[in-house]
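Visitor: Please pick one part of this model and look at it closely. Then set it against the rest of the chain.

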Amino acid sequence: MIIVNQVSKEYGTRTLFENVSVKFSDDNRYGLTGPNGAGKSTFMKILTGEIEPTNAGTIDRPRKVGVLKQNQFEYDNERIIDTVVMGNEVLWSAFKEREALCELSSLTEEQMLRLGDIETIIADENGYNAEYEASEILRGIGIPDDQHENKMSTLAPDYKFRVLLAQALCGEPGALLLDEPTNHLDLDSIHWLEEFLCNYKGTLVVISHDRHFLNSVCTHIADIDYDTIILYPGNYDDMVEHKMQARSSVESANRDKAKKIEQLQQFVSRFAAGQRSSQVQSRRKEMIRLAPQEMKRSNIARPFIRFEQEKPIGRELLQVRNLTKGFDGNTLFKDLTIDITRGDRVAIIGANGVGKTTLLRCLIGEIQADSGSLKWGDSASWSYYPQDYHDDIKPGSTALDWLMKYMTDEGHQFVRGVLGKMLFSGEESSKATEALSGGEAARLLLARMMMQKNPVLILDEPTNHLDLEAVSALAEGLSLFPGTVFVVSHDRDLISEVATRVLSFTPDGVVNFLGTYDEYLDSQKTKAPVKASK
């Protein structure tokens, strides 16, 4: 159980949350939600003890808490398996102390007694099975046994993140505090994590932009809004429905009160100077009693994402024949043959490192395939959303000036309008590009795509930095787009809503499935994967 008592956090003149008191109970799984900038990660760091609240509020935590750390390079000199076991700090300290004592040539009586105490600690912490437990978790999140003894420095950054997730899960902690645990996980690993967390018996608090994940895992939602944290029973969709109903109920009651007040005011105005002073006073008191309930402004905001195309292109959009690409002797895809027609919305899925981004880069000509050919239809043009925005959005500019570079015929007012739709209102359009958050940078890239009006949209992991409302808006925008879409994503709600076609990278090759993502999943239950064909 985690108990938060009268906690506030301010940055300058801005209040993120004020005098929050909330209890996170055992055996419950809480999704911590709110838009980008609401203070989710800040509140999580207060829960972990990494930062202090602004006031004298207190946090009561279990003795053992699993925390997903964000520094992927902190453990580069450690073995992968050891890094996971370090998640149980009590056990790891006992291991290190025992190792130091055992290296001594002789032990005093006091040291011998201490060694016995250490063995008791190790037994109590299930230390003799710690490496077995760590290996089970590592396998579940996609790191095979033959890598467990390697150094962390041998892993790519996204796999280092997976090890840090395994570290947080190790040692049966009384509480788990996880900030964006599905980042860098493929769909199979996300499924494993969902099952693990649903069987977890402690207190879970998790931040995620993956709506499907929150709906699958959470028993409660802790939503940061109205300068506080409100607990809702149920999953994310339950919270949204409850929140909308509650606000709608207050708005309806306020409208009824306003009508009644208008009627009372008419009576007061008519008879204020007459013989009915007692009745007038009575109605004035009633007007005060009926004063509408003041509603704080919610910080929930959804961008308005709509993509247009300047002019449609021919039906035969892209022809790929026997395309093969690999690096350093590792073949990512071989003899890939596909035909894409106008209006296809293609979801490209698969584990990390299998070649999804490489395929996109081949399609747009950033890199050359080893063999095979691809041919775009006449007048085909595309807008590209890269996985790493830093190469596109350089420091030294503002959001408005950066977007102005992609203006065609329209002027400043049009560009400001696009920025407004993407939640860059007022002075926010003048924000320095180097000061943009990940979510703001993502919305700026999407704003560029909206302005370019190309008939083909190519997106590589566009949801990584977006909050839940923005992900929903993006899914809606892509679904309504009349052109052609290629999207690499692990967000199941997005690809379920958008995709009319699936390219799935599997160990047996690339599956080219004509149909929705849900239909693809059903097909895989009944038959073995087949390699891509025309």
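**A close look**

Guide: Lys260 counts as partly exposed because its relative accessibility is 40%; buried means under 20% relative accessible area, exposed over 50%, and partly exposed in between, with a 1.4 Å probe and protein chains only. The model is predicted, so local features need pLDDT of at least 70 and side-chain atom pairs count only at pLDDT 80 or more, while totals for chains, interfaces and linings use all residues. Residues are numbered from 1 along each chain as its sequence is written, and side-chain values use heavy atoms, with hydrogens and water left out.

Lys260 sits in helix α9, which covers residues 236-271. Helices (H or I, at least four residues) and strands (E, at least two) are DSSP runs, numbered from the N terminus. Between Lys260 and Met287 there are 8.2 Å from C-alpha to C-alpha, although the two residues are 27 apart in sequence.

The chain around this residue comes next. The protein chain has 17 helices and 18 strands, and its C-alpha trace spans about 105 × 80 × 50 Å along the principal axes. It has 534 residues, of which 50% count as buried. Contact means heavy atoms within 4.5 Å; among contacts in the protein chain with a separation of 6 or more, 67% are between residues 24 or more positions apart.

Gln72 counts as buried because its relative accessibility is 16%. Apart from neighbours within four places in sequence, Gln72 touches Pro157, Lys160, Phe161, Leu164 and His184.

A helix pair can be described next. Two packed helices are described by the angle between their axes and the distance between the axes. Axes are lines fitted to C-alpha atoms, for helices over the stretch in contact, and angles run from 0 to 180 degrees between N-to-C directions. For helix α6 (residues 157-169) and helix α7 (residues 187-198), the axes come within 13 Å and cross at roughly 10°. The helices α6 and α7 are therefore roughly parallel to each other; angles under 35 degrees count as roughly parallel, over 145 as roughly antiparallel, 65 to 115 as roughly perpendicular and the rest as oblique. From α6 the contact takes Arg162, Leu165 and Leu169, and from α7 it takes Ser189, Trp192, Leu193, Phe196 and Leu197. Sorted by class, these are six nonpolar residues, one polar and one charged. Here Ala, Val, Leu, Ile, Met, Phe, Trp, Tyr, Cys and Pro count as nonpolar, Asp, Glu, Lys and Arg as charged, and the others, Gly among them, as polar.

Aromatic rings are another feature. A search of the whole structure gives 10 aromatic pairs. Rings of Phe, Tyr and Trp (its six-membered ring) pair if their centres lie within 6.5 Å; planes under 30 degrees apart count as stacked, over 60 as edge-to-face and the rest as tilted. The pair of Phe17 and Phe43 is edge-to-face because the planes stand at 90°, with the ring centres 5.4 Å apart. It joins distant parts of the chain, since Phe17 is in strand β2 (residues 14-24) and Phe43 in helix α1 (residues 40-48), 26 residues apart. Phe17 and Phe43 are both buried. Trp376 and Trp382 make a tilted pair, with 4.8 Å centre to centre and 35° between the planes. Trp376 counts as buried at 15% relative accessibility, whereas Trp382, at 28%, counts as partly exposed. Ring pairs join Trp376, Trp382 and Phe486 into a cluster.

Two loop residues have backbone angles to note. Asp27 is not a glycine, yet its phi is positive, about 65°. Asp27 lies in the loop between β2 and β3 (29-33) and is partly exposed at 45% relative accessibility. Asn126, a residue other than glycine, has a positive phi near 55°. Its loop runs between α4 (109-124) and α5 (130-140), and Asn126 is partly exposed at 35% relative accessibility.

The structure holds zero disulfides, a disulfide being a pair of cysteine sulfur atoms within 2.5 Å. For Cys218 the closest cysteine sulfur is that of Cys198, at 8.8 Å, so it is too far for a bond. Cys218 is buried at 8% relative accessibility, whereas Cys102 is exposed at 53%.
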